[in-house]
Amino acid sequence: MKISNRRSRHAVTGVALGAVLALTATACGDDGSGAGGDKGAEGSGKGKIVFWDNNGGVRTEIWKEIIADFEKAHPDIDVEYVGIASTEYQSKVDTALQGGGLPDVGGVGSAMIAGFAAQGALEPLDERLAESSLDGKLNKDMVESLKAAGGGDDRLYSIPTSANNGVLYYRTDLFEKAGLQEPTTWDRFYEAADKLTNKGRNEFGYTIRGGAGSIAQALDAMYGQSGITSFWDTSGERTTVNDPKNVKALERYAALYKKVTPAADLNNDFTKMVAQWDSGTIGMLNHNLGSYQDHVKALGVDKFRGIPQPTGPGGKRVQVSNPVDGLGLFKSGKNKEAAWKFIEFATSEAENSKFNEAAGQVPSNTDAAQAAWISKAEPTKLAADALSDGSTTIVQLPYYLPDWNTISKADNEPNFQKVLLGKTSAKEFLDTMAEQLNTAQEEWDQQHG
């Protein structure tokens with residue numbers, strides 16, 4: 001696997017699976033009044049901490065198991081669980097940053113670090129990690145990925161818990177019935193999407209993500225088809241997002257909406273999209289390793305496969321980076337010692353393995369990454385093979401830009417819906433996004449010289 005990036009200091013330095021493969025949690029200060037500028041306190045290492053799960057609902061059950069294990073091992077610490085939907089987590093933290101009530105520990109993945117760190121909300125964790133039993137036990141590439149995403153000061157603001165990778169899930173039974181080949185190339189993907197669609201029987205070839213989280217999936221489809229391997233051009237100052245090849249790729253991809261997809265896809269986030277696919281009448285789904293267990297429960301292991309993203313020009317596979325997720329310590333927390341104990345425990349071998357087996361993701365703890373369940377989860381194994389055999393190039397997204405999360409979500413998700421509806425052209429959409437990214441990059445360069 002090759003990893004392409006604008007600058008080496010932003011690149012994930014290794015090629016291990018964890019470099020491109022994604023979670024979170026949190027805890028609230030004793031008095032609940034923590035704000036961005038509050039320095040907080042170490043506390044007694046006992047008492048109550050509040051844990052915000054940034055993927056509430058989806059990961060609630062496994063986190064409650066881990067919390068029960070933690071409280072059994074640390075009977076003097078009480079963890080209050082607060083589940084927050086992934087689509088609401090960013091705004092929830094942003095509101096707390098301004099008004100107070102920040103947690104001790106929070107879900108801080110690479111897509112969020114720069115924005116939170118720029119506001120002085122996060123505690124640097126380098127020294128704590130160096131003195132911890134976790135030192136030397138975490139995937140180095142995941143650690144470096146989180147450092148690179150931190151905004152340029154080379155500090156670690158989040159302890160990695162897991163990593164993810166894009167997967168194309170397809171219904172093997174439907175493909176076999178239709179006489180279709182496995183969708184290992186983009187051309188086969190489009191052929192299958194068309195042939196598996198029968199609107200009269202409410203059968204569709206594909207489900208497209210039009211709601212929350214749509215931009216990352218659209219970028220994956222664009223770069224995968226265009227074969228462009230860097231997010232920035234050779235000057236390092238202008239994005240390739242609106243390169244003519246990417247514009248053409250997005251035009252083809254967006255044209256799938258309502259032609260071979262359900263109309264409801266316009267507003268579907270990943271939970272609705274996954275549930276819709278699991279209903280059994282749709283041929284293909286682009287998501288990630290995290291939904292594998294949902295598909296197993298709904299369909300069994302014999303009716304679908306999860307394979308690496310299709311290959312494009314010249315047989316090359318190009319993917320955009322998936323954010324590494326982790327646990328961050330909020331600076332305003334009033335019981336940091338207890339909160340750090342929770343982070344250590346959650347990323348220990350046994351608990352990190354337990355979490356990632358449930359989530360279907362790749363453990364950050366190197367001992368947990370050797371667990372037998374990984375080889376039994378086919379999509380995870382196939383992803384590992386694809387990412388280690390040199391066939392895959394990763395286009396590293398600019399998580400280090402403080403404005404990245406806003407640009408890739410609030411600013412442009414509604415605009416992407418307009419593309420799907422035919423109200424805005426793919427070129428207009430990508431030109432607007434490119435202008436925002438170029439401006440954000442220029443501002444970042446001015447600040448970091």
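The structure is a predicted model, in which local features need a pLDDT of at least 70 and side-chain atom pairs count only at pLDDT 80 or more, whereas totals for chains, interfaces and linings use all residues. Residues are numbered from 1 along each chain as its sequence is written, and side-chain values use heavy atoms, with hydrogens and water left out. The pLDDT is the predictor's confidence in each residue, from 0 to 100. The chain averages 88, and 91% of the residues score at least 70. Residues 1-34, however, have a pLDDT below 50, although this stretch makes 164 contacts beyond near neighbours in sequence (contact means heavy atoms within 4.5 Å). Where pLDDT is low, the predicted coordinates should not be read in detail.

Strand 6 covers residues 166-171; helices (H or I, at least four residues) and strands (E, at least two) are DSSP runs, numbered from the N terminus. Is strand 6 mostly covered or exposed? Of its 6 residues, 6 are buried, where buried means under 20% relative accessible area, exposed over 50%, and partly exposed in between, with a 1.4 Å probe and protein chains only. Gly166, Leu168 and Tyr170 lie on one side, and Val167, Tyr169 and Arg171 on the other. Two strands pair if DSSP finds at least two bridges between them. Strand 6 runs antiparallel to strand 8 (residues 282-288), with 5 bridges, and Val167 stands opposite His287. Strand 6 also pairs with strand 9 in the antiparallel sense, over 4 bridges; here Arg305 is the bridge partner of Tyr170.

Rings of Phe, Tyr and Trp (its six-membered ring) pair if their centres lie within 6.5 Å; planes under 30 degrees apart count as stacked, over 60 as edge-to-face and the rest as tilted. The whole structure holds 24 aromatic pairs. In one of them, the centres of Trp277 and Phe304 are 6.1 Å apart and the planes stand at 90 degrees, so this pair is edge-to-face. Because Trp277 belongs to helix 10 (residues 270-278) and Phe304 to strand 9 (residues 304-307), the pair ties together parts that are 27 residues apart in sequence. Both Trp277 and Phe304 are buried. Other buried residues of helix 10 include Phe270, Met273 and Val274.

Elsewhere, ring pairs link Phe51, Trp63, Phe70, Tyr81, Phe342, Phe345 and Phe355 into a cluster.
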